[in-house]
Amino acid sequence: MTVDSSKMIPAFYAGQSIFLTGATGFLGKMLIEKILRSCPDVREIFLLIRPKKGLSVNERLEKLLNLPLYDKLREEHFSSFEKIVPIFGDTSEKELGLSITDRQMLIERVTIIIHAAASVRFNNSLKYAICANTRATRDICILAQNMKNLKALVYVSTAFAHVNEPFVDEKVYPPIADWQKIIEIIETLDEHTLDIFSAKCLDYAPNTYIFSKNLAESVVQEYSSFLPCAIVRPSIVGPSLYEPIPGWIDNVYGPIGIFIGGGKGILRVAYLNKTAEQNLIPVDIVTRAILVVVWKLGLTTSITGSSSFVLNCTSEHLRTYEQDIKILFDTSKNEMPMEGVLWTPHTILTDNFVQFYTLTILLNILPAILIDLILKFSGRRPMLFQLLRRIYVANCAVSYFSFHNWKYSNANRLFLISLIPPENQEKFFFGSFDVIKSNYVVNSIRGVKQFLLHEDVNLRKLDAVKAYNKRMYLLVGVIKTIIYIGVLWFIYRQIYFYTL
């Protein structure tokens with residue numbers, strides 16, 4: 001049986017012009033690499049980039065493409081970099097901050113839009129969150145309406161956009177507010193009034209991020225009557241599973257931050273429900289899913305009056321936070337040790353805020369102040385207190401997601417996987433995976449050490465680190481024994497004194 005080569009996924013992308021937002025983010029970087037390496041005949045990729053930290057758009061792109069993430073692509077398809085076209089813009093600005101010339105160029109040439117940009121900070125002001133996440137999505141849809149050759153518009157949402165639904169189906173739910181009115185409000189009201197208004201809005205969502213992403217889905221749904229739209233909802237996006245580098249990661253977020261802090265012996269307590277399940281999906285699985293969704297939309301001939309295609313991009317292999325932390329710490333101790341640990345890795349997980357706050361003061365803050373004083377008097381810069389303060393704020397912000405469990409429909413995932421041609425399965429399969437058998441935990445820790453902490457991961461260095469950590473475990477054991485004996489001796493002396 002012969003397969004129509006025109007239905008192959010790389011063949012579909014041949015000659016296509018893609019407009020990608022969020023290109024400098026974790027997922028966006030992976031999308032660039034995956035498209036250029038697995039679909040080498042793509043015509044061009046327009047990247048929406050804004051200047052940042054004194055770097056121009058071109059300087060940020062040059063810095064991005066020098067990452068180790070692109071080493072494999074650099075070796076196999078170096079000329080592919082010429083297909084990248086940076087576009088000056090900002091999703092927090094009206095009409096994406098595009099110039100008239102760039103806007104017209106996108107209208108004439110783009111055939112695929114992947115809108116992956118988002119402000120993911122949970123404590124953003126309501127105004128910024130709505131501008132960057134909701135209004136930007138509307139402006140993307142308006143831009144798409146003018147594109148005569150558009151084949152697909154894929155919006156990257158979040159699996160947590162509908163926190164009030166214990167079972168999240170692959171459909172668009174009614175919004176928790178009118179997105180048009182909310183955009184009008186944030187564009188007209190002053191900041192003080194908006195602060196008061198935000199408190200009312202957040203009666204229906206845990207933070208401004210979830211609120212704005214929920215509304216953005218409704219924007220896409222409304223425009224899906226005229227455009228070939230799809231919504232992809234990834235859960236917590238973790239280090240890569242397979243490609244191009246197993247364990248690649250470039251940002252510190254919730255679970256990773258807790259692991260680093262705990263693995264270094266700095267973070268002793270975290271505000272999490274240890275029995276709740278953590279839903280983590282590797283970033284390369286998400287990129288494959290997005291590209292398959294685009295392919296599916298592009299092969300669909302009629303979209304008039306249709307609803308958005310929705311894909312829950314979540315994991316089926318779930319473990320509790322307590323199980324995850326234990327596996328990470330055990331693996332770190334035995335196979336991939338961390339450098340410069342200050343104490344033996346152990347993090348107490350609690351969902352009692354009073355207990356969390358009290359233990360944070362005793363086990364995190366007071367030792368941090370002491371260590372910072374030692375650093376200061378030794379002529380080095382104190383930093384531990386500020387670091388733990390930031391971790392504390394971040395932990396409080398993400399704790400909501402550990403106090404709830406959600407279940408997700410996966411019917412569309414199974415449907416899409418069944419459509420992937422056998423010849424494309426190796427490069428585009430995004431089904432379930434076994435965390436243990438795939439060495440995902442070991443590779444993730446290696447990625448954290450190499451790409452976030454910039455630690456050496458060669459075998460000889462790891463052996464030296466293991467030896468150091470053994471001495472640290474022994475030292476901590478001796479200190480604990482002395483403390484226990486001291487406490488018991490004190491209790492004994494008190495009892496003996498009162499019996500006299």
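Buried means under 20% relative accessible area, exposed means over 50%, and partly exposed lies in between (1.4 Å probe, protein chains only). This is a predicted model, in which local features need pLDDT of at least 70 and side-chain atom pairs count only at pLDDT 80 or more, while totals for chains, interfaces and linings use all residues. Residues are numbered from 1 along each chain as its sequence is written, and side-chain values use heavy atoms, with hydrogens and water left out.

**View A. Lysine 449 and glutamate 455 form a salt bridge.** A salt bridge is a side-chain nitrogen of Lys or Arg within 4 Å of a carboxyl oxygen of Asp or Glu. Here the N to O distance is 2.6 Å. Both lysine 449 and glutamate 455 are buried. By the salt-bridge rule, the count comes to 17.

**View B. Lysine 29 pairs with aspartate 250 in a salt bridge.** The N to O distance is 2.3 Å. The pair links distant parts of the chain, 221 residues apart. Lysine 29 sits in helix H2 (residues 26–38), and aspartate 250 in the loop between S8 and H10. Helices (H or I, at least four residues) and strands (E, at least two) are DSSP runs, numbered from the N terminus. Lysine 29 is buried at 11% relative accessible area. Aspartate 250 is partly exposed at 25%.

**View C. Lysine 326 and aspartate 330 meet in a salt bridge.** Their N to O distance is 2.8 Å. The two residues are about one helical turn apart, because they lie four residues apart in helix H12 (residues 321–334). Lysine 326 is exposed at 52% relative accessible area. Aspartate 330, at 34%, is partly exposed.

**View D. A network of salt bridges links Glu33, Lys34, Arg37, Glu243 and Arg288.** Glutamate 243 is also joined to proline 244 by a cis peptide bond, with omega about -15°. Proline 244 lies in the loop between strand S8 (236–238) and helix H10 (254–263).

**View E. Lysine 53 has a positive phi, near 55°, in a residue other than glycine.** Lysine 53 is in the loop between strand S2 (44–49) and helix H3 (57–65). Its relative accessibility is 79%, so lysine 53 counts as exposed.

**View F. Leucine 96 has a positive phi of about 65°, although it is not a glycine.** Leucine 96 lies in the loop between strand S3 (84–88) and helix H5 (100–109). At 0% relative accessibility, leucine 96 counts as buried.
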